[in-house]
Each structure stands twice: as structure tokens, then as C-alpha cells.
Amino acid sequence: MLLVAGFFATVASFPESWNEDRTHGYVVAGFCLWLLWNDRRLLSPSREVKALAIPVAIALSLLWLVATIIGVRVVHQLVLPAIATAWAAALFGRRGLHVVGSIALLFLLAVPLWEVLRGVLQAMTVAVSSVGVAVFRLGARIDGQKIHFPFGTIEVAQSCAGLSYFMSAFTISAMYGRLFLISHRGRMAAIAVALVLAVVSNWVRVFGLVLIGYNTKMQSPLMKEHATYGWIIFAVVMATFFVLSRKIEQWDRQQPKAMVTENRSFDPDTVKVGGLWAPTTAALLGPLLYFLFAAMPAASAAIADKPNVSATNSWRATPPAPVESGQSSAWQPAFTGHSERRAVTLTRDDDAVQVDQLIYADQSQGKEMISGGNTIGETLADERLVGPLDSDLRMVRQAVVRTSSGPRLAWYWYRVAGVETPSSAKAKLLELVAFFSRGAPSELVVVSTACQATGCEKATGVLYEAVTGRPLPTP
């Protein structure tokens, strides 16, 4: 219970990860809990704490701490079952490593790290569909992930990769192997067969849609809604798995059996307090440090009204138009999760520069400054680095953003732990320094101005002068 309490934030984050594409996570988690309860009798306290497992538990707990501070959820979720395995190995010895470790491996199916396979599965599906189009002579033109017919286009999008079928087959076969197969070879064979069948079922599904689209000239209702169609094909193909799994069971019984030693039932009273203390403290070192530093008062949240922008007195500061006003000039960065936004518009003659500070005092899950969903906005060109702008060798990230009033040139950078950087990776690492130093909140600084119809050359000079206080040098 202490481990669950210490890592409660990570435990609570799993349901948020199990969205409609990963609902198998609930099944995996329930099955793993049942296995832990069912196999508890196999665990008997070791006479001595396994010293090698203690430093492993400490290292993993510190890795959890780093991942939690910088907000990389998949990492601290991935580390949690490893910490449980190291704790069990320290307390119960080799038997604990085997029992809890095997369950932890199964639980990895519930960790959202398998998205990396989506691109590979998509590419395989596109390749197979392209071969099918050529073999059946459908007269289509293949352009990347798109199959063009004279009467319409079918796109093999990422959602067509079949990752949900792949993970469902993975889960079913892993659970089947754990329940009915004995040897590791038998279990691996069952998983391999199921995964191949899942991939093939998705190929059949996608190319079946290509044939349906070709023969109905894209008029079939299945071209718009085919989720049920896909699961029916998956169920039919997976029925083959259960037929083949019987053959695997027969083969598995013929494999050499591992020697089974006599096991005592687990009795918590047989665990010495000293033996329990060391592994538990090692596993909980990360959460203990996290709560210790989080409880310390942070530095003052006061931040300069003009965030290192060197505009002279020739600029006049006024509040910008709120986005809710609907004015054509209203714009703000698309970054979300900030606790406060400070904005000012600097005007001079016909020039107007908007300065935004997005302050992130609370970077809990979903409120991180740097995350996959946070962007400056809809960009019209690739972002690039600009600089150095001054004697401090300051670099900024430049983006041309689409707005309702036309293109807008934006320069932005991060300020974390008193350090300014345009690099999101460096800013992530600086979050560690900010957490332990209890410094001022992190912030995103954005300066932007409207581009002219002919381009953003003048806007570049305006931003340069607003940021540095000097005219843009001529080439």
C-alpha cells in the first residue's frame, strides 16, 4: 500500500491514457491484479535482502522522479512496473523477480508506448494495398498513403494502421499464454501467431475497402463508417488463433519442464521490519524527494512586465485586443495550460508589436508548458532559429502564423530557471533545475507583429528593433 500511495500520481494517470484506442489497458490491469493475488502464495520472504536489487530500485525511483518533474508521462508510467519488480526482487529474491517481473512485463501492454508502431504498421498496410491494386489491375494511382481512382480517393491514414487490432491480439495472446501455456517458447509462439493474424486481418480490412470503393465507385456506406466491419474481420481471423493455439498447447506440453521448488504461502508476519524497510525506502526515494521539495516555498512569482524586450521610450504600451473581442488584430499563442497570461502591445508610428508572457506556475499533468499538443499556432512555413540577436548571443525561434487578419511573424523563446532558450528539449531539462531550486515559474515569451501583403521582411526588422532596441543591421 505504501508503494501505491507513493506513486499514486502515476497510478492515477493510467486511466487518462486508456482512451478509446487503448481500452485494452483496463483488461490488462485487471488481469495483472488478479495474477498478483493468485500468485501471492508463490512468494516467500528471502532470508536476506538481495543487495543488488536495492541500487536498481534507487536508480529506477530517481528516474521516475526526473520523468515526473519534466512531465514525460510515458516514462514514469514505464518505470513504475520496473520499480515494483526491483522491490519484489529485493524482498523475495529470485522468486519475487520471476513472479512480479513476469506480471510487470505483461502490464507493459497497458503502457501507451506502442504508438511508435503506428507508422510502421501504416507503411506495411500501404505497401500491401499497393501490391493488391497492381495485382487486381484496378487502374489506380498511388501517391504516398493515397490511392486515387477516377471517381475518388482512398487514404490509408494512421487510423488505418490497425494498431487497435494489433494491441487487442497482443493482449489476448499474452493472457492466453499466461493461463494455458507453461514454457516461454510456447507463450512467445502464441503471441507471434496472434500478431501475424492481427496484421493480416487489417490488410484484408483495408484492401477489402479498396475493392468495395472501386466496385461501388465510392458510394458504399462502408467508405464512411467501417469500424464494425473491421472488428468483424478481426474476430473471424482471430478465431483461427484459438484453433492454432490448441496445437501450440500440445507442442508446449512436450517441452522440458522447469524444476519447481517447494513454495511456502506468503505470510506478512514472516517479513522482518528491517528486511521490509530497506527495499521500500529504496523504491520510495523518488516520491519522498518529490514531496520534500514540492513542500518547500517557491521563489516569488513576480515577473518583469516587459520580458527582456528592449523597446525604447519611443514605443507606447497599450493592452492588446482580447481574442474574445473578435477584432481582426486579436491574436494569442495557441499554447494552453498556462496559469496566467500577460500581454502588452507596443506601438510606434504604424508599427505594432504584441508581447505575450504565458506563465506556467503549475505544470501538473495536462498543464505542461512543453508538450506534444502545445504549438505557437497554425504555421505557414517551417519554424527556424534566428540569431544571435545581441551580445548575449540570444537565439529565438521564428514562425509565420496564420491568423484571421493575415500572416503574422512571431519570435518566441522559453525562460526556465532564469535561463532563456529557444530549445524545447533544453527547457525541459531546465525544469529539473527550476524544481529543485524552487525558482520563479517557467514562462513562454512571444513577440509578434503582422506581416505585410508582400512578405515579412519589414516585420523582421520591427521585431528585431523591439527586442534589441537597435535597428536591424543591413546585409
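Arg 397 has Tyr 412, in strand 9, as its bridge partner. This is a predicted model, in which local features need pLDDT of at least 70, side-chain atom pairs count only at pLDDT 80 or more, and totals for chains, interfaces and linings use all residues. Residues are numbered from 1 along each chain as its sequence is written, and side-chain values use heavy atoms, with hydrogens and water left out. Helices (H or I, at least four residues) and strands (E, at least two) are DSSP runs, numbered from the N terminus.

**Strand 9 and its burial**

- Strand 9 covers residues 408-416, and nine of its nine residues are buried, so the rest of the structure largely encloses it.
- Buried means under 20% relative accessible area, exposed means over 50%, and partly exposed lies in between (1.4 Å probe, protein chains only).
- One side of strand 9 carries Arg 408, Ala 410, Tyr 412, Tyr 414 and Val 416, all buried.

**Partners of strand 9**

- Two strands pair if DSSP finds at least two bridges between them.
- Strand 8 (residues 396-401) pairs with strand 9 in the antiparallel sense, over five bridges.
- These two strands form a hairpin with six residues between them. In its turn, Gly 406 has a positive phi of about 120°.
- Strand 11 (residues 442-450) is also antiparallel to strand 9, and eight bridges join the two. Here Trp 411 has Val 447 as its bridge partner.
- Strand 10 (residues 419-421) pairs with strand 9 over three bridges, again in the antiparallel sense. Glu 420 in strand 10 stands opposite Arg 415.
- The hairpin of strand 9 and strand 10 has two residues between the strands, and Ala 417 takes a positive phi near 55° there.

**Aromatic pairs**

- A pair of aromatic rings is described by the distance of the centres and the angle of the planes.
- Rings of Phe, Tyr and Trp (its six-membered ring) pair if their centres lie within 6.5 Å. Planes under 30 degrees apart count as stacked, over 60 as edge-to-face, and the rest as tilted.
- By this rule there are 27 aromatic pairs.
- One of them is Phe 7 with Trp 64, an edge-to-face pair at 5.0 Å centre to centre and 90° between the planes.
- That pair links distant parts of the chain, 57 residues apart: Phe 7 is in the loop between helix 1 (2-6) and helix 2 (8-17), and Trp 64 is in helix 4 (residues 53-70). Phe 7 and Trp 64 are both buried.
- Trp 114 and Phe 170 have ring centres 5.5 Å apart and planes at 65°, so this pair is edge-to-face.
- The pair also links distant parts of the chain, 56 residues apart. Trp 114 is in the loop between helix 5 (73-107) and helix 6 (118-135), and Phe 170 is in helix 7 (residues 163-180).
- Trp 114 is partly exposed at 21% relative accessible area, whereas Phe 170 is buried at 15%.
- One aromatic cluster is formed by Phe 7, Trp 64, Tyr 290, Phe 291, Phe 293, Phe 435 and Phe 436.

**Charges over rings**

- A charge sits over a ring if NZ of Lys or CZ of Arg is within 6 Å of the ring centre and within 35 degrees of the ring normal.
- Arg 40 lies over the face of Trp 37, at 3.8 Å from the ring centre.
- Arg 438 lies over the face of Phe 435, at 5.2 Å from the ring centre.
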